[in-house]
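Good morning, and thank you for coming. Today I shall describe how two protein chains meet.

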Number of protein chains: 2
Amino acid sequence: MYRIGELATACEVTADTLRFYEKNGLLSPSSRSDKGYRLYTDEDARHLKFILRAKAMGFSLTEISELLNIEASRSDWACADVKGMVEAKAAELQRKIDEMTRLRDSLQELADACCGGPESAIHCSILDTLETK
Amino acid sequence: MYRIGELATACEVTADTLRFYEKNGLLSPSSRSDKGYRLYTDEDARHLKFILRAKAMGFSLTEISELLNIEASRSDWACADVKGMVEAKAAELQRKIDEMTRLRDSLQELADACCGGPESAIHCSILDTLETK
DNA sequence: TTTGACCTTAGACTTAACTCCAAGGTTTAT
DNA sequence: ATAAACCTTGGAGTTAAGTCTAAGGTCAAA
């Protein structure tokens with residue numbers, strides 16, 4: 001059994017984060033000490049690691065909730081459900097990547113057209129472009 | 001002279017957004033009517049378009065404030081200053097793109113390893129991976 | 001003249017995922 | 001015995017960029 005600070009340190013999060021996860025239904029300690037201290041089991045710790053791994057993959061806490069639901073009753077779900085979530089997330093990331101790539105290219109074009117010298121910016125092509133495209 | 005609703009419609013933002021920009025020092029109308037209505041000039045409209053273009057390039061409102069300062073006194077700045085901001089922003093985007101690409105690849109790897117079939121998820125490789133990496 | 005569209009302000013609310021604080025109780029080490 | 005380190009709760013604050021509401025004033029058209 002781990003107290004909140006112990007689990008937090010072990011998993012490199014803060015105790016506040018663990019309380020936050022509990023409040024949001026992601027992870028509750030299996031029990032409490034007689035004085036009300038949260039007591040986490042190894043199973044709880046695995047649970048937390050699941051959450052942190054999913055977070056590292058880019059899932060939101062809401063999505064992680066769904067994943068935890070599925071994980072908790074795997075037999076109620078099909079592989080296709082899980083794969084669908086993962087692919088939807090990958091597609092969402094791809095859309096963001098595409099958008100950011102477009103922005104980056106625009107910025108690079110802007111920068112490339114600029115002399116970038118120590119002269120005054122009175123005739124700066126970047127500002128000109130922003131002013132009147 | 002445009003009233004707030006007119007300028008908003010013309011530039012496809014809301015009147016609330018214009019008031020918000022004013023409160024945050026990005027764009028103030030050149031004058032007010034005798035009854036206190038905001039009155040924007042063509043110059044104000046160009047100002048707003050500058051803001052919207054910079055926003056479309058991925059700049060935050062804080063960064064746009066800086067750009068507007070530079071724009072307002074171009075001779076006080078060097079081309080290198082402006083180019084530096086643009087390149088820094090491009091680099092920041094690149095870092096985000098790299099990170100998201102990494103995440104997307106991880107997700108794709110996860111998805112590719114999953115049968116994705118209609119069978120129960122009891123032996124789902126995705127859940128297994130999240131549970132014990 | 002009265003309805004509807006427009007404008008004003010101050011200030012609260014939104015989202016996500018924490019983070020911090022106050023006021024107090026518990027445990028551990030010296 | 002006492003101080004440090006830990007724990008509890010409830011609730012407020014953070015960030016970005018708006019968005020919405022209330023309560024009221026103004027203006028144009030029928």
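Predicted model: local features only at pLDDT ≥ 70, side-chain atom pairs only at ≥ 80, totals over all residues.

Let us begin with the polar side of the interface. Between chain B and chain A, 26 residue pairs are in polar contact, both residues being at pLDDT 80 or more. A polar contact is a pair of N or O atoms within 3.5 Å; within protein, one must be able to donate a hydrogen and the other to accept it, and residues adjacent in sequence count only if both atoms are side-chain atoms.

On chain B, the elements giving two or more residues to the side that touches chain A are α3 (42–56), α4 (61–72), α5 (79–112) and α6 (125–131). Helices here are DSSP runs (H or I, at least four residues), numbered from the N terminus. The largest share of this side, 21 residues, comes from α5(B).

Residues are numbered from 1 along each chain as its sequence is written, chains are lettered from A in the order in which they are written, and side-chain values use heavy atoms, with hydrogens and water left out.

The contact, meaning heavy atoms within 4.5 Å, takes 54 residues from chain B and 54 residues from chain A.

Turning to charge, the rule finds four salt bridges across the interface, each a side-chain nitrogen of Lys or Arg within 4 Å of a carboxyl oxygen of Asp or Glu. One of them joins Glu131(B) to Arg74(A), with the closest N and O atoms 2.9 Å apart.
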